Amino acid sequence: MSDIASRVKAIIVEKLGVDESEVNPEASFTNDLGADSLDTVELIMEFEKEFNVAIPDDQAETIGTVGQAIAYLEKNVK
Amino acid sequence: MELKRVVVTGLGALTPIGNTVPEYWNGLINGVSGAAPITRFDASLFKTKFACEVKNFKPEDFLDRKEARKLDPFVQYALVSTDEAVADAGLDFENLDTHRIGVIWGSGIGGLKTFQDEVTSFALGDGTPRFNPFFIPKMILDIAPGHISIKYGLRGPNFSTVSACASSTNALIDAFNYIRLGMADVIISGGSESIINEAGMGGFNAMHALSTRNDDPATASRPFDKDRDGFVAGEGSGTIILEELDHAIARGAKIYAEIIGGGMSADANHITAPHPEGLGAKLVMSNALKDARLTTADVDYINVHGTSTGLGDKSESKAIVALYGEDAYRLNISSTKSMTGHLLGAAGAVESIAAILAVKNDIIPPTINHFTDDPEIDPRLNLTFNTAQKRLVRAAQSNTFGFGGHNASVIFRKYED
């Protein structure tokens with residue numbers, strides 16, 4: 001697992017209060033991990049803070065699963 | 001239209017002197033002080049370095065971690081005391097009409113800690129607005145009754161009342177009114193507050209409202225004592241379940257007392273100082289008595305606002321003498337803030353609980369920390385100094401007065417068929 005992937009998972013575990021074993025790449029924040037719309041916004045903000053990137057709203061809307069978050073960040077974090 | 005009778009069927013308390021109602025009452029009748037050095041933040045640069053904090057409270061004992069993180073302390077407190085009250089009342093919501101069960105909740109300020117933290121974080125940044133999406137719904141005062149309704153699925157009247165330190169008394173009066181008008185069967189009422197943080201203590205310190213007796217916190221809240229020097233900040237929550245009498249009887253509920261009157265008034269005098277002659281205080285007590293259809297001869301106990309400030313205690317004692325006349329010297333008076341500190345928007349709720357239990361148990365909790373008589377306080381008043389007193393309590397009045405000049409007072413009576 002990449003460094004980015006493990007940091008992303010740690011944030012999700014902390015913010016959504018879920019077990020690490022549930023945080024697999026296919027898991028959807030809202031359908032599988034119990035996030036509501038505000039939780040999702042908070043997650044994006046935490047990724048921005050952790051990786052020092054700005055995720056534009058139109059990009060944020062495409063991040064709905066753990067795998068999508070990891071892929072986006074691996075591509076955009078320098 | 002005939003008004004319905006309304007009774008108290010459940011109580012919950014999370015206070016600086018006890019985290020449940022039995023612990024709270026035990027603290028009250030034993031004269032326990034809740035004051036101690038502040039642990040929530042480093043208060044070394046503050047004029048006041050002590051307060052009445054809730055002790056040994058871990059939110060995760062009551063709420064799941066993810067949930068607790070999204071709740072300001074004043075809402076965590078509200079949920080915990082309400083849990084106790086719901087269980088105490090034996091309310092089985094599955095078998096009740098939850099469209100006729102409401103929540104009316106008071107707080108003076110709401111999520112001050114949340115506001116402080118978010119704004120501080122913004123101010124320390126580069127100007128990019130990175131506000132947490134939970135900032136607003138975590139901070140707003142009315143989120144407390146919102147969360148209570150969500151937790152139990154209650155779809156009746158739901159809102160908050162705001163009148164500073166009278167807030168939760170106003171909540172009780174509103175709850176009482178809606179039930180006696182037939183608009184609800186049960187209302188979870190009360191209030192909560194949590195302002196022991198930098199913004200809260202700094203703000204009240206700047207007003208010279210707080211005691212600065214840093215060398216002896218436990219005796220700092222000394223209502224009616226000659227050497228009182230301001231109030232002691234407190235925090236916590238009180239829940240009172242009000243229920244329409246027939247509804248309570250039908251489900252075999254235990255009944256603590258009957259709520260029989262609520263009064264409201266304004267000082268129309270100054271933003272923070274009480275009227276020097278206690279005109280607003282006299283009027284609110286009088287309004288509550290009229291609403292209850294009682295005379296001054298019928299009341300045996302007044303749980304006063306009595307914050308331990310120079311002006312406030314003097315004007316309230318004058319108001320009692322002016323309204324009650326000779327009856328003022330017959331009844332017991334006490335300020336339980338001498339023990340709990342001032343719970344601000346939650347004061348009305350926790351002090352009403354003290355009044356309800358005084359009516360139920362025929363015991364008057366004391367005004368502790370009395371050392372020196374104040375020549376400006378009528379010496380004939382029985383202020384229940386230092387030790388609890390046993391006496392028959394047919395009815396008790398509970399007063400609260402808030403910055404802005406808001407006054408609210410409620411009366412509880414022994415329940416009889």
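Visitor: Is B:Thr296 buried or exposed?
Guide: A quick note first: this is a predicted model, in which local features need pLDDT of at least 70 and side-chain atom pairs count only at pLDDT 80 or more, while totals for chains, interfaces and linings use all residues. Residues are numbered from 1 along each chain as its sequence is written, chains are lettered from A and ligands numbered from 1 in the order in which they are written, and side-chain values use heavy atoms, without hydrogens and water. The scale here is relative accessible area (buried is under 20%, exposed is over 50%, partly exposed is in between, with a 1.4 Å probe and protein chains only). B:Thr296 comes out at 17%, so it counts as buried.

Visitor: Which residue does the side chain of B:Thr296 meet in a polar contact?
Guide: B:Thr296 sits in the loop between α10 and β9 (301-303) of chain B, where helices (H or I, at least four residues) and strands (E, at least two) are DSSP runs numbered from the N terminus. A polar contact is a pair of N or O atoms within 3.5 Å; within protein, one must be able to donate a hydrogen and the other to accept it, and residues adjacent in sequence count only if both atoms are side-chain atoms. At 2.7 Å, the side chain of B:Thr296 makes such a contact with that of B:Asp327.

Visitor: And B:Asn303, how far is its side chain from the side chain of B:Thr336 in their polar contact?
Guide: B:Asn303 belongs to strand β9 of chain B. With a relative accessible area of 0%, B:Asn303 is buried. Its side chain pairs up with that of B:Thr336, and the polar contact spans 3.2 Å.

Visitor: What is the phi of B:Ser308, roughly?
Guide: Follow chain B to the loop between β9 and α11, and there you'll find B:Ser308. B:Ser308 is buried, as its relative accessible area is 0%. B:Ser308 isn't a glycine, yet its phi is positive, at about 85°.

Visitor: Where does B:His208 sit, and is it buried or exposed?
Guide: B:His208 is another residue that has a positive phi without being a glycine, here about 60°. Its place is the loop between α8 (198-206) and β7 (236-244) of chain B.

Visitor: How many disulfides does the whole structure have?
Guide: A disulfide is a covalent bond between the sulfur atoms of two cysteines. Run over all chains, the search gives a count of zero.

Visitor: What separates the C-alpha atoms of B:Ile109 and B:Ile195?
Guide: B:Ile109 is in the loop between β4 (101-106) and α4 of chain B. Its relative accessible area is 39%, so B:Ile109 is partly exposed. Along the chain, B:Ile109 and B:Ile195 are 86 residues apart, while their C-alpha atoms are separated by 7.9 Å.

Visitor: Let's go over to chain A: how far apart are the C-alpha atoms of A:Thr62 and A:Ile44?
Guide: Look for A:Thr62 in the loop between α3 (57-60) and α4 (66-76) of chain A. A:Thr62 is partly exposed, since its relative accessibility is 46%. A:Thr62 and A:Ile44 are 18 residues apart along the chain, and between their C-alpha atoms there is a separation of 11 Å.

Visitor: Which residue has the backbone oxygen that the side chain of A:Thr62 reaches?
Guide: We're still in that loop between α3 and α4 of chain A. From there, the side chain of A:Thr62 comes to 2.6 Å from a backbone oxygen, and that oxygen belongs to A:Gln59.

Notes
A disulfide is a pair of cysteine sulfur atoms within 2.5 Å.
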